[in-house]
Amino acid sequence: QEIVDVEERLAEIVRRTAERGGKVIIPAFSVGRSQEIVYQLSELINAGEIPDLPIYIDSPLTVKASKIFAEHDECFDAETREILARGDDPFGFDRMNYITDVEDSKALNRHRGACVIISASGMAEAGRILHHLRNNLGSTDNTVLIVGFMAAHTLGRRLEEGRSPVRILGREVAVHAEVHGLHAFSAHADRRDLLEFVKSM
């Protein structure tokens, strides 16, 4: 039930932002989280739940990690193998725009119209995500989507808490964009998982 709710909420957030012609900015870790979000977005596009809008994965490490994932199908679960068997692309190489070049990353600042930008770092403390946030937080058309745990005192946590302005790359930036959290994507173990781990030892 929780997974269905997360998919529905993700679709709703992307649809609403796309209707405004805005950008969905997603800070995400390069290994695991980014691939999971790419898969969910691909499935939603295939199902017609969200428009087939441009999706940019702006992180050299994510690009490398995704290629490694794709090369090791022996590690996939049954669901992923089924997706591959029917000819679908769970990593979105055919549909997504994977960006490694710095100039291509900067060009996203000039992008007009609805799109999704997934970029590292996951807690918005470093990397290319800082530039995307600095350039897009000021518009009410845009949305920042928090998809994982944000540690205290990180930029991601300050955004999640509704702080404004926030300091990015030495500049105070007013937050007018919507900010939403979808914590079901978080890979952190909860109390039950930690207890099970300790019991197994």
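Predicted model: local features only at pLDDT ≥ 70, side-chain atom pairs only at ≥ 80, totals over all residues.
I began in the loop between strand E4 (115-119) and helix H6 (129-136), where I found Ser121.

**Entry on the loop between E4 and H6.** I looked up the peptide bond that joins Ala120 and Ser121, and I noted that this bond is cis, with an omega of about 15°. In the loop between E4 and H6 I also came to Ala124, whose phi is near 60°, a positive value although the residue is not glycine. I set both entries against the background that most residues other than glycine have a negative phi, and that most peptide bonds are trans. Is Ala124 buried or exposed? I recorded Ala124 as buried, because its relative accessible area is 1% and the cut-off for that class is under 20%.

**Entry on the loops either side of E6.** I then went to the loop between helix H7 (155-160) and strand E6 (166-168), which holds Pro165. The peptide bond from Ser164 to Pro165 is cis, and I wrote down an omega near 0°. In the loop between E6 and strand E7 (171-173) I looked up Leu169, and I found its phi near 50°, again a positive value in a residue other than glycine.

**Entry on strand E2.** Which residues of strand E2 (residues 55-58) are buried on each side? I found Ile55 and Ile57 buried on one side, with Tyr56 and Asp58 buried on the other, so that both faces of the strand are covered, since buried means under 20% relative accessible area. I next traced the pairing of this strand, and I noted that E2 and E4 run parallel and are joined by 4 bridges. Within that pairing, Ile55 has Val116 in E4 as its bridge partner. E2 also pairs with strand E3 (residues 97-99), in the parallel sense and over 3 bridges, and there I found Asp58 standing opposite Ile99.

Last, I looked up a nonpolar surface patch of about 370 Å², to which Phe197, Val198 and Met201 contribute. I placed Phe197 in helix H8 (residues 191-200).

Technical notes. Residues numbered from 1 in each chain as written. Heavy atoms only, no water. Patch = residues over 30% accessible without salt bridge, like charges linked within 9 Å, V, L, I, M, F, W, Y side chains within 5 Å. Areas by Shrake-Rupley, 256 points an atom, 1.4 Å probe, with all protein chains shown as cover. Salt bridge = Lys/Arg side-chain N within 4 Å of Asp/Glu carboxyl O. Helix = DSSP H or I, 4+ residues; strand = E, 2+ residues; numbered from the N terminus. Buried < 20%, exposed > 50% of the residue type's maximum accessible area, 1.4 Å probe, protein only. Pairing = 2+ DSSP bridges.
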